[in-house]
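Please look over the sequence and the model shown here before reading the notes that follow.

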Amino acid sequence: MRYRSTALFLVFSLCLVFVLGCGDGRPKRYPVRGVVTVDGKPLSGEFVGSVRLIPVAGGRSVQAQLDSEGKFTLGCYDSDDGCPLGEYKVEVNVSEQKNAKMRYLVPPRYWRHDTSGLVVKIEGEKQNLTIDVPWLPQDAKYRKMVINMNE
């Protein structure tokens, strides 16, 4: 009888540990939603875009596709599953594509985290993260550039 109660206690304890203590083994992630703006203005037009955050301290990046208004919800392991705490370098890739022609909506230097100069800090849940991408004078040559994708 004594062994039976010990066995039941062990089974109950293991089930409790499994239910309460076992996560997915990944870092805690927090919901992060936001918008990409260009010179403080919302994106518009027929564009394709994404945002990616690369941890300054190393680790897994988080990313999201932009909707038609430049809004996004970050995901780390799965789409929209959130972002771990930390400081991140930012990549923003947005271009307009029509009739086999592509036009930059953000300068190409923002397409890489090591040249963008953009950094954000995630300190918990965030519902209104704004990532503003400015056109600077040195980016002027890209502003009106149109690339024919058939050539």
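Which residues line the largest pocket? The lining consists of Val38, Lys41, Pro42, Leu43, Ser44, Arg103, Tyr104, Leu105, Trp135 and Arg143. The model is predicted, so that local features are reported only at pLDDT of at least 70 and side-chain atom pairs only at pLDDT 80 or more, while totals for chains, interfaces and linings use all residues. Residues are numbered from 1 along each chain as its sequence is written, and side-chain values use heavy atoms, with hydrogens and water left out.

**Overall make-up**

- The protein chain holds 3 helices and 10 strands, where helices (H or I, at least four residues) and strands (E, at least two) are DSSP runs numbered from the N terminus.
- Read from the N terminus, the order of these elements is α-β-β-β-β-β-β-β-α-β-β-α-β.
- Of the 151 residues in the protein chain, 33% are buried; buried means under 20% relative accessible area, exposed means over 50%, and partly exposed lies in between, with a 1.4 Å probe and protein chains only.
- Among contacts in the protein chain with a separation of 6 or more, 66% are between residues 24 or more positions apart, a contact being heavy atoms within 4.5 Å.

**The largest pocket**

- The space in the largest pocket comes to about 180 Å³.
- A pocket is an open set of points, on a 1 Å grid over the protein atoms alone, where a 1.4 Å probe fits and protein lies on both sides within 12 Å along at least five of seven lines, and its lining residues have an atom within 4 Å of a point.
- Grid points are joined across faces, edges and corners, and the volume is the space filled by probe spheres set on the points.
- β2 (41-42) and β7 (101-104) each contribute at least two residues to the lining of the largest pocket.
- By class, this lining has 6 nonpolar, 1 polar and 3 charged residues, with Ala, Val, Leu, Ile, Met, Phe, Trp, Tyr, Cys and Pro counted as nonpolar, Asp, Glu, Lys and Arg as charged, and the others, Gly among them, as polar.

**The nonpolar core**

- The largest nonpolar core has 30 residues, and those with the most contacts inside it are Val51, Phe72, Leu74, Val92 and Ile131; such a core is a set of buried Ala, Val, Leu, Ile, Met, Phe, Trp, Tyr and Cys residues joined through side-chain atoms within 4.5 Å.
- At least two residues of this core come from each of β1 (32-38), β3 (47-55), β4 (62-65), β6 (86-98), β7, β8 (119-122) and β9 (126-133), and β6 supplies the largest share, 4 residues.
- Leaving aside neighbours within four places in sequence, the contacts of Leu74 include Val32, Val51, Leu53 and Val62, as well as Asp80 and Cys83.

**Pairing around β1**

- β1 is mostly covered, with 6 of its 7 residues buried.
- β1 runs parallel to β9, to which 6 bridges join it, and Val35 has Thr130 in β9 as its bridge partner; two strands pair if DSSP finds at least two bridges between them.
- β1 is also joined by 3 bridges to β5 (residues 71-73), and these two run antiparallel, with Arg33 bridged to Thr73.
- β1 and β2 are antiparallel over 2 bridges, with Thr37 opposite Pro42 in β2, and in their hairpin, which has 2 residues between the strands, Asp39 takes a positive phi near 50°.

**Pairing around β6**

- β3 pairs with β6 in the antiparallel sense over 9 bridges, and Val48 has Ser95 in β6 as its bridge partner.
- β6 and β8 run antiparallel and are joined by 4 bridges, Lys89 being partnered with Val119 in β8.
- β6 and β7 are antiparallel over 4 bridges, with Ser95 partnered by Tyr104 in β7, and in the turn of their hairpin, which has 2 residues between the strands, Asn99 has a positive phi of about 45°.

**Two single residues**

- Glu96 is placed in strand β6 and counts as buried because its relative accessibility is 13%.
- Leaving aside neighbours within four places in sequence, Glu96 is in contact with Gly45, Glu46, Phe47, Lys101, Met102, Arg103 and Leu105.
- Val56 lies in the loop between β3 and β4 and is partly exposed, with a relative accessible area of 45%.
- Not counting residues up to four places away in sequence, Val56 touches Glu87, Tyr88 and Lys89, while the C-alpha atoms of Val56 and Val90, 34 residues apart along the chain, are separated by 9.9 Å.
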